[in-house]
Amino acid sequence: MKRVTFIHAADLHLDSPMSGLKHLPPSIFKKLQESTFDAFTKIIDLAIFHTVDFIILAGDLFDGEDRSIRAQTRFRKEMERLAECGIAVYAVHGNHDHMDGRWAQLPMPENVHIFSHEVEVVKHIAENGTSVHLYGFSYPKRHVAERMIDQFSREIGADLHIGILHGSYEGSSDHVQYAPFRINDLLEKDFDYWALGHIHKREIIISQPPVIYPGNIQGRNRKETGPKGCYLVELDSSGAKTEFLEAAPVIWENAEIDASKSESYQEIYEICLSLIEEKRQNRKGTIINLTLKNVGLPDHELRSITNGELHESLQEEEAEEEAFVWISGLTVIEKRMWNKEKLAHESDFFNELFKTAGDFAEGNESALILYAHPLARRFLGELDKDEKRSIADEAEAMLVDLLYKAEGH
């Protein structure tokens with residue numbers, strides 16, 4: 001049976017500046033700065049170990065259009081390692097590293113094919129004789145709003161057909177819509193595999209034929225949580241076997257601790273330490289946004305948690321750990337002494353307060369005055385639905401708790 005094995009990765013963002021993270025300890029920040037390179041090296045190691053026929057890189061190889069010499073040099077070094085092993089590379093440039101930028105261009109070894117700004121087809125013949133047509137294009141400019149999918153067309157003369165597309169599918173709302181397509185658009189092309197890029201969250205949209213976003217290879221902020229890496233694919237005419245392989249040296253996570261049974265600061269501190277040691281077992285760097293829920297301590301003990309002392313204690317000495325577990329944020333949610341539904345029913349004031357919080361969570365413009373301000377909007381990232389709901393819930397609970405305490409409940 002005709003078969004090929006390949007690795008599908010995307011959104012390398014090599015040399016990402018890790019903007020907004022310089023508050024981290026220098027040693028951890030340095031590991032983050034190197035993390036995209038380390039993740040990419042790991043992917044090349046995996047390709048060599050699994051003796052794949054080729055690698056597909058589905059866009060945003062570099063973080064910016066200027067492509068620093070440092071990033072290009074590191075990229076070329078890995079391409080040369082693959083060349084020594086006879087492994088081909090098929091890559092497209094995306095919206096971040098589009099071809100309209102200006103940079104000092106370093107030549108790549110002959111095993112690397114970068115697709116042009118127009119959809120083209122390239123033929124690969126594996127050692128076992130299997131022939132593959134790979135279809136793709138690189139972004140000629142940063143903003144590609146055209147339906148480039150319409151230019152993909154299956155050509156006869158190959159055993160297998162793989163599409164490479166850096167773009168957004170209908171229904172993906174967390175990213176800017178580039179080179180948009182519908183799922184049916186892909187299916188109509190009758191390809192055997194679609195190697196997608198652009199969406200940083202890993203997702204298998206369809207299993208047969210496989211339509212896959214591998215996600216980015218290294219999380220770069222608290223929104224890009226969980227393991228990151230690439231897919232190892234064994235493809236033949238009957239279907240595909242896919243396996244996700246981890247590559248990221250640093251993982252971002254959100255974690256919650258239910259502190260309802262904790263009766264002292266020390267007990268909460270020990271629960272947090274247990275979480276840290278549990279996360280350390282993955283033997284990677286881990287950055288956690290931690291939420292303590294249902295905290296019901298006396299005021300004098302609660303102050304040691306809310307004034308930052310607990311947070312500082314949990315961070316002590318972590319910067320020196322190879323497999324560090326860094327608590328980047330600590331949110332404390334006190335145990336509720338009130339019932340939301342009862343308050344809304346008994347009081348018009350509380351009913352209006354809860355309605356206002358709900359409007360904010362749903363993105364009602366009247367509740368988003370700061371984000372509507374043209375100057376402020378330049379410095380604020382877009383809030384997604386979960387972030388709006390979290391802010392609304394936290395503000396709602398804080399206001400009601402303060403009012404409750406003021407009234408002596």
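Trainee: What makes strand S1 (residues 3-9) and S11 a pair?
Mentor: The model is predicted. In it, S1 and S11 are joined by six bridges, in the antiparallel sense. A pair needs at least two bridges, so the two strands count as paired.

Trainee: Which residue of S11 is the bridge partner of Thr-5?
Mentor: Glu-234 is that partner. Glu-234 also has a bridge partner in S12, namely Lys-241.

Trainee: How do you know that S11 and strand S12 (residues 239-246) pair?
Mentor: Eight bridges join them, and they run antiparallel. The cut-off is at least two, so S11 and S12 pair as well.

Trainee: How many residues lie between S11 and S12 in their hairpin?
Mentor: Two residues lie between them.

Trainee: Why is S11 called mostly covered?
Mentor: S11 spans residues 229-236, and seven of its eight residues are buried. Buried here means under 20% relative accessible area.

Trainee: Why is Asp-60 called buried?
Mentor: Its relative accessible area is 1%. The cut-off is under 20%, so Asp-60 is buried. Asp-60 lies in the loop between strand S2 (54-58) and helix H2 (69-84).

Trainee: What is the phi of Asp-60?
Mentor: Near 55 degrees, a positive value in a residue other than glycine. Most residues other than glycine have a negative phi.

Trainee: Ala-179 has a positive phi too, although it is not a glycine. Is it buried or exposed?
Mentor: Buried: its relative accessibility is 0%, and the cut-off is under 20%. Its phi is about 40 degrees. Ala-179 sits in the loop between strand S7 (160-166) and helix H3 (183-188).

Trainee: What is the peptide bond from Gln-208 to Pro-209, cis or trans?
Mentor: Cis, with omega near -10 degrees. Most peptide bonds are trans. Pro-209 is in the loop between strand S9 (203-206) and strand S10 (211-213).

Trainee: How does the span of helix H1 (residues 26-49) compare with the expected one?
Mentor: H1 has 24 residues and reaches 33 Å from its first C-alpha to its last. The expected span is 34 Å, at 1.5 Å a residue. The two values are close.

Trainee: Where does H1 bend?
Mentor: At Ser-35, by about 45 degrees. The bend is the angle between axes fitted to the seven residues ending there and the seven starting there. Ser-35 is among the buried residues of H1, which also include Phe-29, Leu-32 and Phe-40.

Trainee: Which residue takes a positive phi just after H1?
Mentor: Thr-51, at about 45 degrees.

Notes. Residues are numbered from 1 along each chain as its sequence is written. This is a predicted model: local features need pLDDT of at least 70, side-chain atom pairs count only at pLDDT 80 or more; totals for chains, interfaces and linings use all residues. Side-chain values use heavy atoms; hydrogens and water are left out. Buried means under 20% relative accessible area, exposed over 50%, partly exposed in between (1.4 Å probe, protein chains only). Helices (H or I, at least four residues) and strands (E, at least two) are DSSP runs, numbered from the N terminus. The expected span of a helix is 1.5 Å times one less than its number of residues.
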